[in-house]
Amino acid sequence: MHIFKNAIRNVFRSKGRSILIGIILFVLMFSACIGLSIHQASITSQNASLELTNITGQISQNRMNMMKDFEPGNKEDMKEKMDSIESLSLDELQKYADSDYVSKFYYSASLSLQASDSFSLMENQQQGPGPMGQENSSSITVTGYENDEAMTDFTDGTSTITEGNMFDEQTEENQCIIPEDLATYNGVSVGDTITLKVDDSTTVNFVVTGFYSSTSSNPMNASNTIYTSYNVVNNLSETYDLDLNVNGTYVFNTVKDFNKFKKECTKKGLSDSYTVTSSDLQSYQQSIVPLQNLSKFATYFLIVVFVIGAIVLVVLNIFSIRERKQEIGILCALGMNKTKIALQFFSETLFIALFAFIVGSGLGAVTSVPITNTLLESQISSTDSMNETKKQNFSRQQTPPNNDSSQQPKTDESNNQPQEKGLEKVTTVFEAMNFNVLLEVGAIAFVLVIISNCAALLCVMRYDPSSILSNRD
């Protein structure tokens, strides 16, 4: 106890030295607090963003896996192999949906019909090749949805009804909604009947219940698509033997559920010609790039602060011990053990560090969130600028990673509130400091005190009391 009392007395007695060491330790504690808070905020925000993201996945053809079996340039065999792999049927998709890891499953299906003399595509839609590089300029995609919930491009606001009403959810009558611009081009009004061709001798009539507009990044495809119920497209497929392309979307609560589902599909017999993918995970990785950069910055900042701080404190303590040689000699002459003298000097620095820790952590807690948000805003701006530069360098519009309507978050149309957790880009953090950060800052302070006193304590141990007292220089 006597040692600690002397340590406190010496701290207040040598005010100049104590203030200098205190200022340095305060700057180090404050910097460590900010750096650790930024790192913690980055990790917390990444985890929170992922928890708020509903992961959706699809089963699609694994083209890369199929292509690796072919020699480069072997086009015929490759094309034959690709054509032989059909999309999974609805029954097969539903078989995989029967899983504890899938929280929800919905589907849609599409087929192609031809424009007729009375209903044609817009002029800008009649240019260029059709699907798979074939000339098919008069093809119109008819997409049918299982239910309203599956129409995620409407529930998330990508598409909206501008006139009339949505077709009945489970209707088997040929009702549809069509793009507003396509309706204007053909002079169609709500309630009119449009005619599309199955082939040159067979036509199909649809009653238009409403018009819709879309903010899709690919307006060419949006103006070329009419929507109806799944029952309608399924009936058309069976009646006229048309190819029906079924798309199923699986919804998962967590990334772990998605990864477990992938393994389960393999166990259930999913061929390696198919793969389970999720564009939401790709979107998530892109959305957290600024947070990851911020975390790296915080880590490097902490390393620099720790190294520089340790060096400065070691030098200061060495000079302090050299100035206090006479005090060391007197204490030794009075019978005090060198270990106790070293402990006293260590306690002095520890008391100053404790005060610096309290003040630095308090100020860090107040300023960590604003500083973190400022740096995050800078990182987001830098990332957006790089993406914009990349887009300009390629001189073409980039397609958003999550532009598929089946990937969009769902909302309850009755109140237009989100029904599923959608992917949102983190632009602001609301909490940067917590108890773990305080523990880490305290640990850094303690380690700095130990390191800075090691050299000083070695000096104390090698001093000879008689030499110190006989030499007053």
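**Orientation**

The model is predicted, so local features are described where pLDDT is at least 70 and side-chain atom pairs where it is 80 or more, while totals for chains, interfaces and linings use all residues. Residues are numbered from 1 along each chain as its sequence is written, and side-chain values use heavy atoms, without hydrogens or water.

Begin by colouring the chain by pLDDT, the predictor's confidence in each residue, from 0 to 100. The chain average is 76, and 72% of the residues score at least 70. Residues 125-136 have a pLDDT below 50, and this stretch has 16 contacts in the model beyond near neighbours in sequence; contact means heavy atoms within 4.5 Å. Residues 394-423 also stay under 50, with 74 contacts beyond four places in sequence. Where pLDDT is low, the predicted coordinates should not be read in detail.

**The largest nonpolar core**

Next, select Ile59, Ile178, Phe206 and Tyr250. Of the 47 residues in the largest nonpolar core, these four touch the most other members. Strand β2 gives the most to this core, with 5 residues. A nonpolar core is a set of buried Ala, Val, Leu, Ile, Met, Phe, Trp, Tyr and Cys residues joined through side-chain atoms within 4.5 Å. Buried means under 20% relative accessible area, exposed over 50%, and partly exposed in between (1.4 Å probe, protein chains only). A second, separate core of 24 residues includes Leu28, Ala32, Leu302 and Val441.

Centre the view on Ile178. Not counting residues up to four places away in sequence, Ile178 touches residues including Phe119, Val188, Val208, Phe211 and Ile226.

Move to Gln175, which lies in strand β5 (residues 175-179). Helices (H or I, at least four residues) and strands (E, at least two) are DSSP runs, numbered from the N terminus. Gln175 is buried at 13% relative accessible area, and among its contacts outside four places in sequence are Phe167, Phe206 and Tyr227.

Select helix α9 (residues 230-240), where the buried residues include Tyr230, Val233 and Leu236. The buried residues of α9 pack against α5 (90-97), β2 (104-114), β3 (139-145), β7 (202-214) and β8 (225-229). Just after α9, Asp241 has a positive phi of about 55°.

Continue to helix α10 (residues 255-267). Its buried residues are Asp257, Phe258, Phe261, Glu264 and Cys265. These cover an arc of only 120° around the axis, and therefore lie on the same side of α10; the arc is that of the directions from the helix axis to the C-beta atoms. The face turned away from the buried side carries the exposed residues Lys256, Lys263, Thr266 and Lys267. After α10 comes Gly269, with a positive phi near 105°.

**Aromatic pairs**

Finally, display the aromatic rings. Rings of Phe, Tyr and Trp (its six-membered ring) pair if their centres lie within 6.5 Å; planes under 30 degrees apart count as stacked, over 60 as edge-to-face and the rest as tilted. The count by this rule is 13 aromatic pairs. Phe26 and Phe30 are stacked, with centres 6.2 Å apart and planes at 20°. They are 4 residues apart in helix α2 (residues 15-51), about one helical turn.

Phe346 and Phe446 form an edge-to-face pair, with centres 6.3 Å apart and planes at 90°. This pair links distant parts of the chain, with Phe346 in helix α14 (residues 338-394) and Phe446 in helix α15 (residues 435-462). Phe346 is buried at 16% relative accessibility, whereas Phe446 is partly exposed at 41%.

To end, select Phe105, Tyr107, Tyr230, Tyr250, Phe252, Phe258 and Phe261, which ring pairs link into a cluster.
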